[in-house]
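Visitor: I would like to learn how to read the sheets, helices and ligand site of a model like this one. Please take me through them in turn.

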Amino acid sequence: SMEVVTFGETMVMFNPDSTGPLRYVHNYNKTIAGAESNVAIALARLGHQVGWFSKLGDDEFGRYIKSVIMGEGVDVSRVVVDESRQTGLVFKERFAHVNPNVYYYRKHSAASNINIEDLDMAYIQLAKILHITGITPALSDVNKKTAYHIMEKAKEKGVLISFDPNIRLKLWRAEEARTTILDMAKQSDIIFPGIDEGELLLGMDDYQEITHSFLEMGNKLVVTKLGKKGCYVASKDEQVYIEGYVVEKPEDTVGAGDGFAAGFLSGLLRNLSLRECGQLANAVGAMATLVRGDMEGFPTMSQVKNFMGIEKYIDR
Ligand code: KDG
């Protein structure tokens with residue numbers, strides 16, 4: 001069985017060769033994007049047994065996604081194919097000095113039609129951790145229902161629910177996002193809110209207040225991301241601030257949060273202290289920004305050890 005299972009839409013991503021408005025871009029690099037498969041790939045690189053599942057179109061893009069994720073050492077045996085729908089796409093638009101834009105072509109995609117009948121519940125219930133994000137319920141009512149069902153069934157068997165709010169305001173209205181994500185947050189065990197997500201969800205801007213609010217909602221562990229300032233981790237009995245790594249010239253910030261979550265979960269699976277989990281998370285998140293693409297920069301355990309300048313973490 002898997003240490004971590006995760007599910008959510010993965011798209012083929014077209015990442016421009018050049019910066020500037022897409023209408024002037026002629027050449028794209030084809031890769032994949034998807035918050036949950038990013039986390040799975042990052043965990044696999046760090047040496048974990050991890051499975052990702054979703055629904056793909058019966059098309060070349062779907063076959064491409066499956067082979068890339070499989071090639072990263074992630075178990076894709078529970079991926080299903082929807083013969084009547086297509087695989088979703090996303091285009092990135094890059095600029096020299098600001099965060100990139102994304103344009104989605106994913107409405108009615110195969111992944112947004114993942115049903116309860118598509119799931120292997122035993123596979124999910126045998127995992128130690130289920131990682132989900134707030135992107136999935138934004139995609140369709142079917143996905144929202146499926147996400148809730150999976151959380152409930154996993155919880156029944158004591159699977160730890162790890163949740164990244166990942167608010168994507170291109171996908172739904174702020175009010176609906178807030179209600180649904182807060183509701184999911186109440187059912188999770190570990191939550192990874194970003195500081196601006198805390199603001200949107202709770203109307204607070206103080207990271208300690210945000211963190212404690214999520215603890216009060218019932219989370220066992222709250223890991224609040226503070227960007228280059230690092231993170232603040234809290235459980236009932238322990239609160240710790242962990243300073244971040246400053247990356248002078250990030251190449252691509254998309255995917256950093258996914259690397260961060262994977263680093264933290266890896267630390268938990270290795271029984272590291274909360275401080276060490278936070279350090280590992282900060283390092284993996286920082287390294288993700290050094291390479292163009294959402295998942296290409298995720299490190300192996302020996303690469304992250306080098307980056308951190310420590311020899312402490314044990315390779316499997
Ligand atoms: O966290 C990064 C993801 O946002 C990206 O890979 C694409 O899943 C994606 C999305 O829906 O934006």
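Visitor: Which strands does helix H2 lie across?

Guide: This is a predicted model. In it, helix H2, residues 60-71, lies across E2, E3 and E7. Relative to E3, helix H2 runs at about 70°.

Visitor: How should I read the sheet that contains those strands?

Guide: Strands of a sheet pair through backbone hydrogen bonds, in either a parallel or an antiparallel way. Here four strands make an open sheet with mixed pairing, in the order E3-E2-E7-E8. Strand E3 (28-33) and strand E8 (101-105) are the edges; each has a single partner strand, so one side of each has no neighbour in the sheet. On average, neighbouring strands of this sheet are turned by 25° against each other, direction ignored.

Visitor: How many bridges join E2 to E7?

Guide: Three bridges join strand E2 (residues 11-16) to strand E7 (residues 89-93), and the two run parallel. To locate the pairing, take Met-13: its bridge partner in E7 is Val-90.

Visitor: In what order do the strands of the eight-stranded sheet come?

Guide: The order is E4-E1-E9-E10-E11-E12-E13-E14, in an open sheet with mixed pairing. Why does one side of E4 and of E14 lack a neighbour in the sheet? Strand E4 (50-53) and strand E14 (239-243) stand at the edges, and each has a single partner strand.

Visitor: In which sense do E1 and E4 pair?

Guide: Strand E1, residues 4-7, pairs with E4 in the parallel sense over four bridges. Val-5 stands opposite Gly-51 in E4. Helix H1 (residues 35-45) lies across E1, E4 and strand E9 (129-133), and its direction is at about 160° to E4.

Visitor: Now the ligand. Which residues surround it?

Guide: Begin with the shell, then look for polar atoms. The ligand is surrounded by Met-11, Ala-33, Gly-34, Ala-35, Asn-38, Tyr-104, Arg-106, Ile-135, Arg-168, Val-254, Asp-258 and Asp-294. By class, the shell residues divide into six nonpolar, two polar and four charged.

Visitor: Which polar side-chain atom lies 2.6 Å from an oxygen atom of the ligand?

Guide: That atom belongs to Asp-294. Arg-106 has a side-chain N or O atom 2.8 Å from a ligand oxygen, and Arg-168 also places a side-chain N or O atom 2.8 Å from an oxygen of the ligand.

Visitor: How much of the ligand does the protein bury?

Guide: Taken alone, the ligand exposes 320 Å², and the protein buries 94% of that.

Notes: Residues numbered from 1 in each chain as written. Predicted model: local features only at pLDDT ≥ 70, side-chain atom pairs only at ≥ 80, totals over all residues. Heavy atoms only, no water. Near = heavy atom within 4 Å. Polar contact = N/O pair within 3.5 Å; in protein donor to acceptor, adjacent residues only side chain to side chain. Areas by Shrake-Rupley, 256 points an atom, 1.4 Å probe, with all protein chains shown as cover. Nonpolar A, V, L, I, M, F, W, Y, C, P; charged D, E, K, R; others polar. Pairing = 2+ DSSP bridges. Contact = heavy atoms within 4.5 Å. Axes fitted to C-alpha atoms, helices over the stretch in contact; angles between N-to-C directions.
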